[in-house]
Amino acid sequence: MTATNKQVTLKDYVSGFPKESDFDFTTTTVELRVPEGSNSVLVKNLYLSCDPYMRTRMSKPKPSTALAQAYALGQPINGYGVSRVIESGHPDYKKGDLLWGFVGWEEYSVITPMNRMHFKIQHTDVPLSYYTGLLGMPGMTAYAGFYEICSPKEGETVYVSAASGAVGQLVGQFAKMMGCYVVGSAGSKEKVDLLKTKFGFDDAFNYKEEQDLSAALKRCFPKGIDIYFENVGGKMLDAVLLNMNPHGRIAVCGMISQYNLENQEGVHNLSNIIYKRIRIQGFVVSDFYDKIPKFLEFVLPQIKEGKITYVEDVAEGIEKGPEALIGLFHGKNVGKQVVVIARE
């Protein structure tokens with residue numbers, strides 16, 4: 001048996017902000033079986049994850065971005081998704097199993113399950129879409145960056161940029177659980193209200209309305225910042241360095257303000273790192289995937305008891321995929337951006 005398979009491909013490498021015209025849709029045919037003796041798995045994709053790092057993969061290949069390999073032109077782009085197994089030649093997967101991990105932006109994908117790239121879903125009493133966010137890569141990013149890198153202590157002050165996004169909304173809630181004072185920034189009144197009323201941040205501000213970011217941070221943190229969860233970079237990082245406390249920690253998760261720039265902005269207040277003994281650490285979430293069982297053991301009860309709130313921004317249909325992905329870089333999403341291919 002065969003089925004049609006609609007795919008999202010990249011036409012050409014992107015310079016500046018991506019546009020919908022940079023993408024194309026193709027329709028191919030896929031056989032609904034795997035070759036005999038193969039260890040590959042045919043999956044039907046249910047949910048696709050839109051993530052900021054995907055922008056770096058749209059640019060012309062560069063040796064310095066080896067961890068984020070550039071997309072192949074004319075081929076389906078790929079990223080994290082949630083899928084159901086249709087046919088399997090792999091001993092660890094059988095028909096009907098659910099998994100999350102790397103798949104193509106298409107209705108069906110043939111994958112060879114790999115360690116740290118594909119994960120069988122064991123807990124199905126939560127929304128499956130959560131495995132694109134709260135229970136998947138973004139959730140692990142928040143957990144590893146905050147607990148493993150920032151080493152938080154009760155009573156510390158925590159600042160989260162891009163705080164209403166897939167990762168930031170969780171970092172803020174984890175920090176509140178630790179008894180920290182938490183402030184977030186976002187790019188609209190709606191998002192700022194969400195941070196304070198739904199996610200429990202102590203305070204929040206719209207960075208677009210602030211003439212002086214350093215002054216805004218000083219207003220929110222009169223005693224300084226102990227922990228900064230970095231999602232933005234550029235001018236925001238510069239302002240944060242002026243307001244960090246001695247022995248502060250900065251977990252560098254992303255720098256979305258820089259991804260679409262031909263010449264990235266410089267940071268001018270770096271001497272503060274010396275005198276304040278600030279520790280800045282970048283990280284890649286896959287380095288911490290061995291901690292997924294520990295993470296799930298921690299977070300699943302919090303979800304079921306209603307102690308964690310998670311907001312998704314859902315686009316229906318693969319045809320809406322490029323628009324949803326591009327929207328990330330213009331701040332259009334409210335919460336975790338998900339594309340639904342098929343709910344079952």
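In this predicted model, the side chains of Lys-304 and Asp-125 meet in a salt bridge, with N to O at 2.9 Å; a salt bridge is a side-chain nitrogen of Lys or Arg within 4 Å of a carboxyl oxygen of Asp or Glu. Lys-304 belongs to helix α7 (residues 292-304) and Asp-125 to the loop between β7 (118-120) and α1 (137-149), so the contact ties together parts that are 179 residues apart in sequence. Helices (H or I, at least four residues) and strands (E, at least two) are DSSP runs, numbered from the N terminus.

A further salt bridge joins the side chains of Lys-6 and Glu-319. Because Lys-6 lies in strand β1 (residues 2-10) and Glu-319 in the loop between β14 (312-316) and α8 (321-327), this pair ties together parts 313 residues apart in sequence.

Arg-343 forms a salt bridge with Glu-316. This pair links distant parts of the chain, with Arg-343 in the segment after β15 (336-340) and Glu-316 in strand β14, 27 residues apart.

| Pair | N to O distance |
|---|---|
| Lys-304 and Asp-125 | 2.9 Å |
| Lys-6 and Glu-319 | 3.1 Å |
| Arg-343 and Glu-316 | 2.3 Å |

Asp-125 is exposed at 52% relative accessibility, whereas Lys-304 is partly exposed at 49%. Exposed means over 50% relative accessible area, buried under 20%, and partly exposed in between (1.4 Å probe, protein chains only). Lys-6 is partly exposed at 26%, as is Glu-319 at 44%.

The structure holds 16 salt bridges. Salt bridges with shared partners join Lys-94, Asp-97 and Lys-120 into one network.

Residues are numbered from 1 along each chain as its sequence is written, and side-chain values use heavy atoms, with hydrogens and water left out. For this predicted model, local features need pLDDT of at least 70 and side-chain atom pairs count only at pLDDT 80 or more, while totals for chains, interfaces and linings use all residues.
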